[in-house]
Amino acid sequence: MMQTRSSGVEAPEAMEVDAASTQQQANEALLFDASSAVGHSISPQLYNPDLAPTKQKGRKWTAYSIFTLWANDVHSLGNYAFAVGLFSLGLGAWQILLALGIGAVLLFGLLSFSGFMGHKTGVPFPVMSRISFGIRGAQIASLIRGAVAVAWFGIQTFLASVVFRVMLVAMFPGLKELDTNSILGLSTLGWMTFGTLWLIQLVIVSFGMEMIRKYEAFAGPIILVTMVSLAIWVFVEAGGAIEWSGIKNLEGGEMWRSIFAGGALWVSIYGTFVLNFCDFTRSSTTRKSIVRGNFWGIPINMLVFGAIVVILAGGQYKINGKVIETPSDIIQTIPNTFFLVLACAAILILTIAVNLMANFVAPVYALTNLLPKKLDFRKAAWVSGTIGLVILPWNLYNNPLVIVYFLGGLGALLGPLFGVVMADYWLVRKSRVNVPQLYTEESTGAYFYKKGVNPKAILAMMPAAAVAILVAFIPALEPVAPFSWFFGAGLAAVLYFVIADRKRQYDDVSGEPIAVESVH
């Protein structure tokens, strides 16, 4: 019989088991310490290092960190397509700037109040939702937000891969032959570019929120310089002449309706972000950093964005009488291959930055909240990314019914969710939260309600969601459809405020005793 001699080196499988076992022991120790610190049971179904509140000391998200979030997200290709669409509708330069300005002022207020919630409690959105929806009802809010984000993560990655293909073909013309076939709706080159971008994003997210913060800080200045440079180039090509008055010269009531509709839709675009902005501000250094980051990142940055849109759309219209759809249309016309490649690279950097913060963080926290004993931030990131791949997002994007009715329908639910959460936190509780109670399954817990669900939150949300969906999709209500987010959020807030128990005494208890280091 042969004897196996130990080499002193553990097999990879053993090392993985040991690592998993060590992590489990660390989590159990953290859970035990947290329960001991607050004098009641902290549930492993509700608490892990990613869902725990962050300690006040050691937070790293400064005003600049928050500014760079907006420096990236505001200048996304989707936002440019929306704003250029206002030009196509007939709005001129000052009208577009006014529409974006109205939306920016509203967003500055909404996002600041949403951000303050994250700074005070230190918890991510799925945990924040437990305050108003209950420890189990919060799954509704977080999964709806996560589902919208996963779909858009895949779609945005696909759109970026199209730019990537343009860049590669410009550099290596022979690759064009790989872009002529179709495998499950995507060419060979399409699969290569999509897969590369998909993997890059997953690697970045695997290192947690701190790596995302660093990437956003890196990408922000690049995007601003690129878009300003592109606008200057178009301005010069147009001979300094820009179409300022739009292409339809709207006047009177139709003009003002279009302006306010544009502002309302601008807010609706950020209906996802106003919900889970606490995912980022839970690591913010001060409330002032949130205000300053939002001020420079939203109204100021959005006006710069609006000026770029006016120059790109109005300048290109002067050049050839055509209305562009996105900056990509202009980039493809750059005659110099070197500058075309640089512009494409900047767009890729931008799209990754937007995807990371807008479409990756929310589903990662939602999945972690769903299975806190099995998923941490890194594992949830890979699960989320895999879902974004297997749904074949290019087919979703090419199907208008999916975009309008599925994603549009889910999006219409975001306003009512926001209305309930904000009314409960600011109007009913007046920002008093017992943070440790957010992590207990005891029936006497402050957020247990009825079997873990707050029926009043559901009761307020459902009719508001129905109204928002009807306003958004019924053809006869098309003139007010752009305001569906406001109908949903406003109605839900009013209904919840009316039926909530406003006479109850709400305790304000810090989560510092069970908080963890701000690594995410």
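Me: Is valine 304 buried, partly exposed or exposed, and why?
Reply: This is a predicted model, in which local features need pLDDT of at least 70 and side-chain atom pairs count only at pLDDT 80 or more, while totals for chains, interfaces and linings use all residues. Residues are numbered from 1 along each chain as its sequence is written, and side-chain values use heavy atoms, without hydrogens and water. Buried means under 20% relative accessible area and exposed over 50%, with partly exposed in between (1.4 Å probe, protein chains only). Because its relative accessible area is 36%, valine 304 is partly exposed.

Me: In which helix is valine 304 found?
Reply: Helices are DSSP runs (H or I, at least four residues), numbered from the N terminus. By that numbering, valine 304 belongs to helix α12.

Me: Where is alanine 241 found, and is this residue buried or partly exposed?
Reply: Alanine 241 is in the loop between α8 (209-237) and α9 (252-269). Since its relative accessible area is 31%, alanine 241 is partly exposed.

Me: Leaving aside neighbours within four places in sequence, with which residues is alanine 241 in contact?
Reply: Contact means heavy atoms within 4.5 Å. With neighbours within four places in sequence left aside, the partners of alanine 241 are Gly315 and Lys318.

Me: How far apart in space are alanine 241 and isoleucine 319?
Reply: In sequence, alanine 241 and isoleucine 319 are 78 residues apart. From C-alpha to C-alpha, their separation in space is 8.8 Å.

Me: What pLDDT does the chain average?
Reply: pLDDT is the predictor's confidence in each residue, from 0 to 100. Of the residues, 92% score at least 70, and the chain average is 87.

Conventions
Helix = DSSP H or I, 4+ residues; strand = E, 2+ residues; numbered from the N terminus.
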